[in-house]
Amino acid sequence: MPPSPKVDSGPSSMLAMPSPGLPPFDYIRAGDRAEVTCLLLEHGADARLLMGGTDIFVQMRDGALAPSIVIDVKHLSGMMVMSFDPQTGLQVGAAVNMNAMAASPAVSAHYPLLVQAVESVASYQLRTRATMGGNLCNASPAADTAPAALVLGARCVVWGPDGERVIPVNEFFLGVRKTALQPGEFLTRIDFPIPPAGNAGRYLKLGRNAGGDLAIVGVSVLGYPDDSAASGYRFRIAMASVAPTPIRAYAAEMLLAEQPISDNTLAHAARATGEAARPIDDLRGSARYRKAMARNLSQRALTDVWVQLQEER
Ligand SMILES: Cc1cc2nc3c(=O)[nH]c(=O)nc-3n(C[C@H](O)[C@H](O)[C@H](O)COP(=O)(O)OP(=O)(O)OC[C@H]3O[C@@H](n4cnc5c(N)ncnc54)[C@H](O)[C@@H]3O)c2cc1C
């Protein structure tokens, strides 16, 4: 008879665990923005910022990141503030959590697409910690709030060695986990302009389960009447998880601005959206499946937005 496997519940079995915990690091609660910039310049990639911690600590636990200092900036001025002005739009501090965004009457009234996007992230419990700022800065191709940010024309307000600057969100993502943030810079706020009058939006996400999985594909559509377009309407379409960065489907958008809107046009646009996808094979789905789902989800989202636009006419 073979010997029975040895069961050891002592400290040595802890060492055998694949994810034994976090590596050692110094936690620094920054005093002000200038200190954050100094620390980032001094430590470079060895320093990381902390928002909700739902990405960074998972990556540290899994050995993908090992910063020697983690800088907490949530308490700094403006980071937790959210405000809406009917002339200028919505400002969301980088440390505002997703549940606070979804619960805001101004966000629900003027940016319902944003509510759909944040509510598609993980679970209610996780969203009590998770921030949209962290979601964008983490720069995962699967970030669920990125397509909404793209179609709503969000701007990332950052602080750095030269003070404040604004990066349009369509210039923010440079690659997988790469952003346009320069050395010493960090995100302080996300600004959203007033959405076009009469708009309707939809975010559709396909995950492996209904309980809050990362997107296999995510498609965001914003449509609105516009007399300057030959069709009388413009649509903005953005996707998650189908390319190294979140992307817009510009060819499909053009088609919808130029051709009279019909079931046929919507189907053509959905096909063009699928063609814009440049996905990879990974454990959540094959590239072929993702492309097909980009087309199917965009067909559904476009149809849904079109129905809403017709009802609001
Ligand atoms: C169980 C689970 C389920 C999840 N499901 C989803 C999902 O369905 N959809 C989805 O999109 N994501 C999901 N995530 C990922 C994660 O929850 C989100 O990306 C979340 O929005 C990250 O926000 P955070 O505040 O926790 O960021 P943090 O973890 O604090 O930070 C994320 C990264 O951004 C950097 N960073 C943070 N703030 C700044 C800043 N102000 N300036 C510069 N850099 C900064 C950090 O250094 C870190 O590298 C899931 C995570 C878990 C653990």
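How far is an oxygen atom of the ligand from an N or O atom in the side chain of Asp55? In this predicted model, the separation between an oxygen atom of the ligand and an N or O atom in the Asp55 side chain is 2.4 Å.

## Ligand contacts

An oxygen atom of the ligand lies 2.7 Å from a backbone N or O atom of Leu49, and a polar backbone atom of Gly53 is 2.8 Å from an oxygen atom of the ligand. The ligand exposes 990 Å² when taken alone, and the protein buries 88% of that area.

## The shell around the ligand

Strand E2 (47–50), H3, helix H8 (132–138) and strand E10 (186–192) are the elements that each give two or more residues to the shell around the ligand. Of these, H8 gives the most, with four residues.

The ligand has 30 residues around it, of which Leu49, Thr54, Asp55, Thr131 and Asp144 come nearest. By residue class, the shell divides into 17 nonpolar, eight polar and five charged residues.

## Salt bridges

Side chains of opposite charge can pair when their charged atoms come close. The structure holds eleven salt bridges, and three of them are described here.

Asp72 and Lys74 meet through their side chains in a salt bridge, at 3.2 Å from N to O. Asp72 is buried because its relative accessible area is 7%, and Lys74 also counts as buried, at 16% relative accessibility.

Arg202 forms a salt bridge with Asp304, with 2.6 Å between the closest N and O atoms. This pair links distant parts of the chain: Arg202 belongs to strand E11 (residues 200–206) and Asp304 to helix H12 (residues 287–312), and the two residues are 102 residues apart. Arg202 counts as partly exposed at 26% relative accessibility, as does Asp304 at 27%.

A further salt bridge joins the side chains of Arg290 and Asp282, at 3.1 Å from N to O.

## The loop between H3 and E3

Ala66 is located in the loop between helix H3 (56–61) and strand E3 (69–72). Ala66 counts as exposed because its relative accessibility is 57%. Ala66 and Ile56 are ten residues apart along the chain, and their C-alpha atoms are separated by 9.5 Å.

Methods:
Residues are numbered from 1 along each chain as its sequence is written. This is a predicted model: local features need pLDDT of at least 70, side-chain atom pairs count only at pLDDT 80 or more; totals for chains, interfaces and linings use all residues. Side-chain values use heavy atoms; hydrogens and water are left out. A salt bridge is a side-chain nitrogen of Lys or Arg within 4 Å of a carboxyl oxygen of Asp or Glu. Buried means under 20% relative accessible area, exposed over 50%, partly exposed in between (1.4 Å probe, protein chains only). A residue is near a molecule or strand if one of its heavy atoms lies within 4 Å of it. A polar contact is a pair of N or O atoms within 3.5 Å; within protein, one must be able to donate a hydrogen and the other to accept it, and residues adjacent in sequence count only if both atoms are side-chain atoms. Accessible areas come from the Shrake-Rupley method with a 1.4 Å probe; for residues, only the protein chains shown count as cover. Ala, Val, Leu, Ile, Met, Phe, Trp, Tyr, Cys and Pro count as nonpolar, Asp, Glu, Lys and Arg as charged, and the others, Gly among them, as polar.
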